[in-house]
Amino acid sequence: MSALTHLGAAGEAHMVDVSAKAETARVARARGQVAMARETLRLAIEGQAKKGDVFGVARIAGIMAAKKTSDLIPLCHPLPLSSISIEITPDEALPGLRVLAEASVTGKTGVEMEALTAVSVACLTIYDMLKAVDRFMRIEGVELVEKRGGKSGDWDRDE
């Protein structure tokens, strides 16, 4: 593991200076899931949740969260995202909903935190929209799946 870049010589937290870094195309993907009862999953799939369209609201919440990542994570740089996409897929075997986010930017720093924030908030939104019928839901497996671009190069969890 490399040294922590957000700590100064005396151990104080600071924002990393990226001014000397080159702008490159960067992409990050993250995933997570919300495990739930089969009946809860059925309600979500059939659009019968009392709060409305679980998929649509969670997708918008994830997109909005990615755009606000630097407001939520103290040492993140604000990034002009090129794109953010959220896929929410029902999984009967889980049972539950799988969430995948992909964020991209042309910039001096990566978009891993934006992808992770998008997945986290999308999962939290799914939980919020269905909690009235299933308090036993679990948000699980939020993790970075892949990153491309930048000085440290490409990385893929599944390879």
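The model is predicted, so local features need pLDDT of at least 70 and side-chain atom pairs count only at pLDDT 80 or more, while totals for chains, interfaces and linings use all residues. Residues are numbered from 1 along each chain as its sequence is written, and side-chain values use heavy atoms, leaving out hydrogens and water.

**The sheet**
- An open, antiparallel sheet is formed by 5 strands in the order β2-β3-β1-β4-β5.
- Strands (E, at least two residues) and helices (H or I, at least four) are DSSP runs, numbered from the N terminus.
- Two strands pair if DSSP finds at least two bridges between them.
- At the edges lie β2 (83–91) and β5 (155–156), each of which pairs on one side only.

**Strand pairs**
- Strand β3 (residues 96–107) is joined to β2 by 9 antiparallel bridges; I84 has A103 of β3 as its bridge partner.
- Between β1 and β3, which are antiparallel, there are 12 bridges; T24 is partnered with G107 of β3.
- The antiparallel pair β1 and β4 has 8 bridges; A35 is partnered with R138 of β4.

**The helix**
- Helix α4 (residues 112–130) lies across β1 (24–35), β2, β3 and β4 (138–148).
- The helix runs at about 25° to β1, with angles taken from 0 to 180 degrees between the N-to-C directions of axes fitted to C-alpha atoms, for helices over the stretch in contact (heavy atoms within 4.5 Å).

**Cysteines**
- The whole structure has 0 disulfides (pairs of cysteine sulfur atoms within 2.5 Å).
- C76 counts as buried because its relative accessibility is 12%, and buried means under 20% relative accessible area with a 1.4 Å probe, protein chains only.
- C123 also counts as buried, at 0% relative accessibility.

Key: Buried < 20%, exposed > 50% of the residue type's maximum accessible area, 1.4 Å probe, protein only.
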